[in-house]
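Thanks for coming, everyone. Please bring up the model on your screens, and we'll go through it place by place.

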Amino acid sequence: MPVRDVVTWTEMITAYMEFGMVDLALETFEKMPEKNSVSFNALLAGFCKNSEGLKALKLFVKMVEEGLELTDFSLTSIVNACSLLMDSKISKQIHGFCIKFGFGLNACIEAALLDMCTRCGRMTDAEKMFQKWPSDQDNSVVCTSMVCGYARNGQPHDAISLFCRSLKNVDEVALTSVLGVCGTLGFYQIGEGIHSHAIKIGFMFDSEVSNSIISMYAKCGNINGATKVFNSMPTKDVVSWNALISSHLLHRQGDKALAVWSRMLEAGTKPDAITLILVISAYRHTNSNIVDDCRKLFMSMKTKYDIEPTSEHYAAFIGVLGKWVPLEEAEQLVNKMPFEPDISVWRALLDSCRIHLNTTIGKRVAKHIVAMEPQDPSTYILVSNLYSASGRWHCSNMAREDMRAKGFRKHPARSWIIQDKKLHSFYARDKSHPQAKGIYSELEVLILECLKAGYVPNTSFVLHEVEEHQKKDFLYYHSAKLAVTYKLLVSKSREPIQIVKNILLCGDCHTFLKHVSIVTRREIVVRDASGFHYFSGGICSCRDCW
């Protein structure tokens, strides 16, 4: 163009940002002979669109310092930038700026501020804003923000409750979010009801909603329901295929996951990096050792699918090797990686050490994890447990004291069940439940019956320096044991008992639940951090957990 005015320069910035060419957009902005508030706003919005929150914040400060005109668009963009940063302190400063300059009365900015509060962990402030929202204004956007905020900030009951109260005012984003909550909690009845609602209002044509329903059914233990939803989808994107493969993985059905992978290739859908992580992981859960096929896939990722192996791919492959081949081969692969292995790789190798009961390699691996994540509370627990396992109790206590002194807190183990559409949650040695007295009395009877059936408490899972009889007391009142006892206490039907646990099920609880399935003649389903365990007649479906 022989002549370029401020409009054409600005349009080029917008175009570059649309295609994710942030550096070119910034370079164009710097070359502009003349800039106005519109060009600044274009760059500001572009930074937000490309998740460059910090760059957007710095640009906004420059706009304020230079006295440029700030519009509704400017303020909405900087509020969105704060949402990206998820920094509570900065969000309060921007919030105050908006109110001070009178922008707080603008409905669009007010909605953006509310959403920013939910993303920065300020749910109390978000709730106040939501309660003050004018009744004569459309509240669908803020309803969606609140539902997603509750889900994001660990308030699942509030998310589900608000969603059910606001069915007419929530969109597919809120629907997707609350389906995720139902899946996480294992809240099958409500999840199924939301599926029906999605069909009723025509949201099943939205692929994101359908994909969320697939994941929800899988996490709630209904793999057949997940498969039916997938098969009924008129169009399937790569996320849909990933969701179904992931569903089979969650249920440790490696062969079925690989069958879906074959169907995906036949359908002509191009896999992405996540697909290959899932497919590689599937080889760990196959009925027979086909690790050579997995190795061929891993080695051909770049040439066949144009996907460069990342740490996540290496971690998945190491998990497969740790299951099927001598552990030394997995360790050799880590040592020969073309780049520095990250924490996911070392954790995958450590899990393989657990399966092989190899403490020699395990201690070497643990040292790498401790060095890489000194700020992670689980790192201190790992060090403490390693010392405890070798009887070095003084060192174990020092590690835990060091963790507490630095203000770190371990995420406590928790198990829960759904009964009468209510979530009943339990921690180890928890007596806060209204029926705690009955639960503990019933558990004592259940323990005696399991002992008679051959259950032997494995006190090696108690990593505290206490007497043997005290170790048994620690074991007997783990959260999973309390949860299964409560369900037996309140439900006399023969339906399967479903438990969800937020971390891995310990080896002793695994053994205990096998014996519970014998003495009660009930099927027990547990979903923990590794996937599903199906206990029936003293047998567990998983073959590589304990």
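H95 is buried, at a relative accessible area of 11%. Buried here means under 20% relative accessible area, exposed means over 50%, and partly exposed is in between, with a 1.4 Å probe and protein chains only. Before I go on: this is a predicted model, where local features need pLDDT of at least 70 and side-chain atom pairs count only at pLDDT 80 or more, while totals for chains, interfaces and linings use all residues. Residues are numbered from 1 along each chain as its sequence is written, and side-chain values use heavy atoms, leaving out hydrogens and water.

Back to H95. It sits in helix α6, residues 88-100. Helices are DSSP runs of H or I, at least four residues, strands are runs of E, at least two, and both are numbered from the N terminus. Which side chain does the H95 side chain make a polar contact with? That of R122, at 3.1 Å. A polar contact is a pair of N or O atoms within 3.5 Å; within protein, one must be able to donate a hydrogen and the other to accept it, and residues adjacent in sequence count only if both atoms are side-chain atoms. Setting aside neighbours within four places in sequence, H95 is in contact with L113, M116, C117, R122 and M129. Contact means heavy atoms within 4.5 Å.

Next, helix packing. Take helix α5, residues 72-85, and helix α7, residues 107-119. Their axes are 8 Å apart, at an angle of about 10°. Axes are lines fitted to C-alpha atoms, for helices over the stretch in contact, and angles run from 0 to 180 degrees between N-to-C directions. So α5 and α7 are roughly parallel to each other. The cut-offs: under 35 degrees is roughly parallel, over 145 roughly antiparallel, 65 to 115 roughly perpendicular, and the rest oblique. From α5, the contact uses D72, L75, T76, V79, N80, C82 and S83; from α7, I109, A112, L113, D115, M116 and R119. By class, that is seven nonpolar, three polar and three charged residues. Nonpolar covers Ala, Val, Leu, Ile, Met, Phe, Trp, Tyr, Cys and Pro; charged covers Asp, Glu, Lys and Arg; the others, Gly among them, are polar. Note that L113 and M116 of α7 are also on the contact list of H95.

A second pair: α13, residues 207-219, and α15, residues 238-250. Their axes come within 9 Å and cross at roughly 0°. That makes α13 roughly parallel to α15. N211, I214, S215, A218 and K219 of α13 meet V239, S240, A243, L244, S247 and L250 of α15. This contact of α13 with α15 has six nonpolar, four polar and one charged residues.

Now a loop. T286 lies between α17 (273-282) and α18 (291-299). Is T286 buried or exposed? Buried, at 0% relative accessibility. Its side chain reaches the backbone oxygen of S288 at 2.8 Å. A polar atom of the T286 side chain also lies 3.1 Å from the backbone oxygen of Y283.

R429 is not a glycine, yet has a positive phi of about 55°. R429 is in the loop between β2 (422-427) and α26 (436-452). At 44% relative accessibility, R429 is partly exposed. R521 also has a positive phi, near 55°. R521 is in the loop between α29 (507-519) and β4 (524-528). R521 is exposed, at 72%.
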